Amino acid sequence: MNYKEHKSEPFWWGMFSQGGVIAALLIPIHIFLCGLAVPLGLIDPELLSYERITALLQNPLVKVYLCVLLIFPLYHAAHRIRFTLAEIGLHSLAKVLPVLCYGGALLGTAVVLYILWVLF
Amino acid sequence: MSDLRTIKITVLRYRPEEEDEPTEQTYEVEFRDDWVVLDALNHIKDHIDGTLSFRWSCRMGVCGSCGMMVNGEPKLTCAAMLRDYYPNEVRVEPLVNFPIVRDLVTDMTDFMDKLKAVKPWIIREEEKPVSEGEYLQTPDQLKDYKQFSQCINCMLCYAACPVYGLEHDFVGPAAIALGHRYNLDSRDEGNQQRQHIIASKEGIWECTYVGECSVVCPKHVDPAEAIQQTKVATTTNRLKSLVMPWGNKK
């Protein structure tokens with residue numbers, strides 16, 4: 001067996017790993033704020049109104065924060081889905097799966113950047 | 001002998017000169033309270049059926065030879081007490097994920113090749129002369145790698161690993177953990193020589209951190225942690241070499 005150090009895998013795994021941290025630490029806060037706190041009446045819905053949020057988006061720091069929040073977990077999901085699909089039997093697609101999964105994440109990245117920097 | 005009890009032991013049999021497919025055979029064994037599964041197998045071999053084949057050596061959890069599937073779980077049979085299974089019957093099968101040579105004996109060639117490939121020994125660029133004395137190590141430096149040095153090559157982790165079950169090219173838990181053990185050793189300078197196999201596609205990147213290897217290890221080695229630590233270190237080094245290509249690659 002000829003082994004060769006894999007050069008791109010550390011990048012994808014690094015994104016997966018960072019995405020996992022963000023998904024575990026930050027996303028629950030947003031689920032709580034939008035999904036529970038507002039419907040339960042714990043915070044005033046006006047605080048999350050469209051006008052307020054779009055005004056917030058004018059601050060580049062908020063855009064950067066949203067990029068981190070939305071983009072990294074895409075790579076976490078892509079990596080998980082890639083390995084899950086391979087392990088449930090799609091072995092023959094081992095070469096195509098990374099292209100599809102990380103390609104999806106890259107596309108998602110472009111969409112997030114477009115929404116945040118072009119539309120707003 | 002009032003403390004004798006009888007337990008049923010079902011053993012997977014495979015005699016390639018007689019049968020194409022493995023079969024099973026059940027034996028009734030009278031056992032004492034302090035008997036382990038290996039004692040029952042030796043009792044069968046000595047007194048009931050001398051044709052049964054299995055590996056064993058030390059009987060004390062040191063040699064790593066007697067690993068088998070006991071009721072579906074990878075175990076050292078010298079450490080699996082019969083009383084813990086009684087009154088239920090015990091099923092003994094060869095370690096899964098390895099080809100069967102005969103009865104409970106598996107073919108370890110794949111593991112031995114991988115073990116050799118990670119170079120699990122101290123590599124020095126230059127040996128210092130004997131007159132300069134020993135390579136000294138602080139207790140902290142010893143602590144860095146000690147748990148990983150406890151591996152006895154019993155291969156229970158390979159039988160437990162679902163990734164190895166699917167992907168036989170996977171270098172696997174014990175071989176990676178042993179490579180890591182030497183990479184962590186302050187006396188070793190062989191990191192670069194192991195990197196191409198440990199950080200290959202078939203190496204750490206194949207692992208999905210299921211963690212069963214660490215659960216079944218009879219010596220409390222944590223191969224899953226070794227793989228995780230190596231992933232973090234490899235990713236950090238890769239990032240460093242991209243950001244600072246002029247930096248010292250270590």
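Begin in chain A of this predicted model by selecting helices H4(A) and H5(A), whose crossing is right-handed. H4 covers residues 60-87 of chain A and H5 covers residues 96-119 of chain A, and the two pack with their axes 9 Å apart and at an angle of about 165°. Because angles over 145 degrees count as roughly antiparallel, H4(A) is described as roughly antiparallel to H5(A). With both helices still selected, colour the residues by class: the contact of H4(A) with H5(A) has 21 nonpolar residues, together with 3 polar and 2 charged ones.

Next, move to chain B and select the strands. Here 5 strands form an open sheet with mixed pairing, and their order, to be followed from one side to the other, is E2-E1-E5-E3-E4. At the edges are strand E2 (23-31) and strand E4 (73-76) of chain B, each of which pairs on one side only. If you look along the sheet, neighbouring strands are turned against each other by 35° on average, with direction ignored.

Which strands does helix H1 of chain B lie across? The helix lies across E1, E2, strand E3 (67-70) and strand E5 (90-93) of chain B, and H1 runs at about 100° to E2(B).

Notes:
Residues are numbered from 1 along each chain as its sequence is written. Chains are lettered from A and ligands numbered from 1 in the order in which they are written. This is a predicted model: local features need pLDDT of at least 70, side-chain atom pairs count only at pLDDT 80 or more; totals for chains, interfaces and linings use all residues. Side-chain values use heavy atoms; hydrogens and water are left out. Two strands pair if DSSP finds at least two bridges between them. Helices (H or I, at least four residues) and strands (E, at least two) are DSSP runs, numbered from the N terminus. Axes are lines fitted to C-alpha atoms, for helices over the stretch in contact, and angles run from 0 to 180 degrees between N-to-C directions. Contact means heavy atoms within 4.5 Å. Angles under 35 degrees count as roughly parallel, over 145 as roughly antiparallel, 65 to 115 as roughly perpendicular and the rest as oblique. A crossing is left-handed if the near helix is turned anticlockwise from the far one by less than a right angle, and right-handed if clockwise. Ala, Val, Leu, Ile, Met, Phe, Trp, Tyr, Cys and Pro count as nonpolar, Asp, Glu, Lys and Arg as charged, and the others, Gly among them, as polar.
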